[in-house]
Amino acid sequence: MTINQTALKGRFKLLMLLMVLLIFSACSSRKNTNVNTKAARAAVVMSQLKSKPLYRFINDWTGVRYRLGGMDKRGIDCSGFAFLLQKNIYGNELPRRSSDQAGVIRTKSVGQLKEGDLIFFSFGGRSVDHVGVYLNDNFFVHASTTRGVVVDDLTLPAYQRAMVKAGSFRN
């Protein structure tokens, strides 16, 4: 192999390496942009809340880890979060379990939901096993088993498939 062929082979390898890095960085930045877009949409939704006490409550609890049966900042489950939010923000006394909470709401379609309404899901079968609180623009807040208290997009397929009931607390 001549020196020119060796140099050409080296340049080709460098060019291929640069192309691979460019592809990975493009995929990475696209993914980050998508995450940032969702985070930006969630921030807009939060800024548009009518209830400032609700805004403060959610900010205060965001990031608190999930703990089955938990009711404090050391950990909270979804029904405990909905229970405390409804009690502290709206003065509503909900049952403690999500399946029982689903029994005390006036059912609405998703298009009729208002800030503070409850959304129920069934991830494990037919019965209600998860609850969140509707905010606006198809976003809701809940205590996720994997991410703790978060604001999420109700239009995500996983939530669409699992949603079984939604509505407002019967006064």
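Visitor: Which residue in strand 5 does Phe-120 stand opposite?

Guide: Phe-120 faces Val-131 there. Strands here are DSSP runs of E, at least two residues, and helices are runs of H or I, at least four, both numbered from the N terminus. Two strands pair if DSSP finds at least two bridges between them. Strand 4 (residues 118–121) and strand 5 run antiparallel and are joined by four bridges. Keep in mind that this is a predicted model, where local features need pLDDT of at least 70 and side-chain atom pairs count only at pLDDT 80 or more, while totals for chains, interfaces and linings use all residues. Residues are numbered from 1 along each chain as its sequence is written, and side-chain values use heavy atoms, with hydrogens and water left out.

Visitor: How many bridges join strand 5 to strand 6?

Guide: Three, and these two strands run antiparallel. Look for Asn-136, which sits opposite Phe-139 in strand 6 (residues 139–144). The hairpin of strand 5 and strand 6 has two residues between the strands, and Asp-137 takes a positive phi near 50 degrees in it.

Visitor: Why is strand 5 described as largely enclosed?

Guide: Buried means under 20% relative accessible area, exposed over 50%, and partly exposed in between, with a 1.4 Å probe and protein chains only. Seven of the seven residues of strand 5 (residues 130–136) are buried, so the rest of the structure largely encloses this strand. Across the protein chain, 39% of the 171 residues count as buried.

Visitor: Is Arg-56 buried or exposed?

Guide: Arg-56 counts as exposed, with 52% relative accessibility. You'll find Arg-56 in helix 2 (residues 52–61).

Visitor: What does strand 8 pair with?

Guide: Strand 8 (residues 163–169) pairs with strand 3 (residues 105–107) in the antiparallel sense over three bridges. Ile-105 has Phe-169 as its bridge partner there. Strand 8 also pairs with strand 4, again antiparallel, over four bridges. In that pairing, Phe-121 stands opposite Met-163.

Visitor: Which residues have the most contacts inside the largest nonpolar core?

Guide: In soluble globular proteins, nonpolar side chains tend to be buried together. A nonpolar core is a set of buried Ala, Val, Leu, Ile, Met, Phe, Trp, Tyr and Cys residues joined through side-chain atoms within 4.5 Å. The largest has 31 residues, and Phe-81, Leu-135 and Val-141 have the most contacts inside it. Helix 3 gives the most to this core, with six residues. Counting contact as heavy atoms within 4.5 Å, Phe-81 touches Phe-57, Trp-61, Ile-76, Val-141, His-142, Ala-143 and Val-149, leaving aside residues up to four places away in sequence. Another core, of nine residues, lies apart from it; Leu-113, Phe-121, Leu-154 and Ala-166 are among them.

Visitor: Which element gives the most to the lining of the largest pocket?

Guide: Rolling a probe the size of a water molecule over the atoms shows where empty space is left. On a 1 Å grid over the protein atoms alone, a pocket is an open set of points where a 1.4 Å probe fits, with protein on both sides within 12 Å along at least five of seven lines, and lining residues have an atom within 4 Å of a point. Helix 1 gives the most, with four residues. Helix 1 (3–47) and strand 7 (148–153) each supply at least two residues of the lining.
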